[in-house]
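Please read this short briefing alongside the sequence and the 3D view.

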Amino acid sequence: MEAVISNNEFITNIAGRVRNLNLPLKKALWPLFEVVSNSIHAIEELGSTKKGKINITLDREGHDEALVSLGDVNQYFIKSFIITDNGIGFNERNYKSFLTAESDYKEDKGSKGIGRFVCLKAFKKIEYSSTYRNNSGETEIRNFSLKAYGKGFDEEPIVKSEIRKESGTKVILNSFYDEYKNNCPKSIDEIAELIIEHFFIYFIEGKCPIITIVDTNGNQVTLQEKFGLDLLPNLIKRTFKIKNTEFTLNLLLVDKTEGGHRVHYCGNSRDVVNEPISKYIPDLKSNVYLVESDQKNLKVYITSTYLDNNVGNERTRFNFPDNEEDAPYDYIVTFEDIKKQIEHELEEELKTPLEALREQKMASVKRHVEQYAPQFKYVLKYKEDEVKKLPATLTGEKLDVELFKIQQKLELDTKILGNEVLNGHDYKNVEEYQKAYDQYLEQSNDIGKSNLVKYVIHRRAIIDLLNKYLGEEGDKFQSEKTIHEIFFPIKKESDDVKYEQQNLWLIDERLAYHYYLASDKPMADMPVLENIKTTDRPDLFIFNSSFAFVNEEAPFNSFIIVEFKKPERNDYSDRDEKKNPVDQVIDYIGKLRSGSALDRRGKFIQVSDKDKIPFYAYVICDFNPKLINILTTRDYIITPDGMGYFYYHKQFNAYIEVISYQKLVKDARNRNRILFERLGISV
């Protein structure tokens, strides 16, 4: 059978109506708010707000006898709410309205006539027992229940009371559905705070009846006392206008709550939409407090007739557009308009504490920049106001990311300014032009310094990364491929790789400036070489031109080969060329000398034995007795620091250097030491 409410006018499918309603799980207390709202309206209709009383009893899961004896029952889920009031009750008029889906009976109070359906979204059953006066002044008691399944609506015969009783209604929100029960707060204090938040305007206007919450163990909280003692003394009010529409901002500090700092948009004296204040002021994350001695959350309540008139049906949204693009007329106030003004009002009202908070934050940011990120110094100089608006909780890499975003914007602004200065922007006078020119010159100079700083820091990071990969920090030794990638991407050529992606300066600063480089590619596939019949692939093969910066077609000045070996490798052999790195590079050179080659322009490259073009070869590896024996047998000369060997091959005009990874890291640090020290970073 369909679950229905019926009268002479229509039939409503309760299950379908409930199914089509939207009630987010995080709003599990909304049904309670609906019932409390109805109780307030019933008390107002009776004309006894000052004498009005609403009692809310929490019914928790567990054995009643055990719960009564417990001092703390907050760990137990709430399964039902029992709400009683001394309002006008379900007289004929109110009862008829109840039986009318989406009734407009209380439209002037913002009622949408769907509260009972919202309750059935979260609870299996609603039970009502109401005492009221009939048209003859007699006392009657009406009992009925509602559910979204089965028969749906159960009504008992009206009972006439011979004794004149006080009017009022008892409502039982019976049996939470599990998904809402699990999202419902369990603490009596938190529930009290959320009810105050939801009906905050009733409290500050003194229109709220006495509301008391009673827990299963007898503990109780009176909301007026909590509001009067904890909240009312801290209340601040501001009014503002947007497009001739007036709004009121009510601001107060409350005890720390799970929701943190929030802005609440109220319609018809009730909370409709709320969101974190950090959306308006990023500094005010939920764990950042304006009062150091006492952790408090900031609550902001926005009220307006405009909000009252635009509450959505479910009372969880408003019916005006989010932004100007969606607004049909210019004069309509959008959510974006309201939010911008609220941000301004909050900045003004909280100016003093925010300045103190931001001074602390800026001191922390400056320490971070000085110690770890000096490339952002000029960002603090030119964009301090934007840096001040960054969340106070940002640290480390997350802070660097946000500073980088501001840096990118500053560089774009500087380029735009440069175009104006250098391309004939229409300045009013010479003084204005000179001022813009000086500003552009200063910012451009600082940006250049910053980019240099950024590159020096990059070098320090690469040295540290190589050192880590070599196992000097206790990490597992990395593969030859991993080490290779630090210097230059594998399987790539010069034209494929940006300057910043290669770190050949680790070996020799001069290697960074080359005409052509191939990484782990067969020599036969290199476009600068033709007629080379070999599948050999040196780790790095570099071609240098004596006029590389002037004319790419100039004759080659040198060839450079770099060979990497896996750290801690110890299987070197004097008899196996593949396991003998020095013979391996000599073999590469010999094959090039014995053939002919063309460069990328088709020019013939003479690399025969008679040619004087020198070859340079670097073998990067870890030393061990086997390798040292090979080197000494072939007359390699040890370097003065004892960490490398070198040899000049007369026949091939080739200089060969064998460098240990330890020497490579040490020499790279020493070459860059002066740069690191000038930046104040450790070496």
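The count of disulfides is zero in this predicted model. A disulfide would need two cysteine sulfur atoms within 2.5 Å.

**Cysteines**
- Cysteine 119 has a relative accessibility of 2%, so it counts as buried, the cut-off being under 20%.
- Cysteine 208, at 9% relative accessibility, counts as buried by that cut-off.

**The sheet and a helix**
- Five strands make up an open sheet with mixed pairing, and their order is E12-E13-E16-E14-E15.
- Strand E12 (236-242) and strand E15 (270-276) are the edge strands, and each pairs on one side only.
- From one strand to the next, the twist averages 25°.
- Strand E14 (residues 262-267) and strand E16 (residues 296-303) run parallel and are joined by four bridges.
- Histidine 264 is positioned opposite tyrosine 301 in E16.
- Helix H11 (residues 335-349) lies across E12, strand E13 (245-255), E14, E15 and E16, and runs at about 140° to E12.

**Aromatic rings**
- There are 30 aromatic pairs in the structure.
- In the pair of phenylalanine 144 and phenylalanine 153, the ring centres are 6.2 Å apart and the planes are at 55°, so the pair is tilted.
- Phenylalanine 144 and phenylalanine 153 are both buried.
- One aromatic cluster is formed by Phe240, Phe247, Tyr265, Tyr306, Phe318, Phe320 and Phe335.

**Charges over a ring**
- Lysine 181 has its charged end over the ring of phenylalanine 77, 5.7 Å from the ring centre.
- The charged end of lysine 186 also sits over the ring of phenylalanine 77, 4.6 Å from its centre.

Definitions and conventions: Residues are numbered from 1 along each chain as its sequence is written. This is a predicted model: local features need pLDDT of at least 70, side-chain atom pairs count only at pLDDT 80 or more; totals for chains, interfaces and linings use all residues. Side-chain values use heavy atoms; hydrogens and water are left out. Buried means under 20% relative accessible area, exposed over 50%, partly exposed in between (1.4 Å probe, protein chains only). Two strands pair if DSSP finds at least two bridges between them. Helices (H or I, at least four residues) and strands (E, at least two) are DSSP runs, numbered from the N terminus. Axes are lines fitted to C-alpha atoms, for helices over the stretch in contact, and angles run from 0 to 180 degrees between N-to-C directions. Contact means heavy atoms within 4.5 Å. Rings of Phe, Tyr and Trp (its six-membered ring) pair if their centres lie within 6.5 Å; planes under 30 degrees apart count as stacked, over 60 as edge-to-face and the rest as tilted. A charge sits over a ring if NZ of Lys or CZ of Arg is within 6 Å of the ring centre and within 35 degrees of the ring normal.
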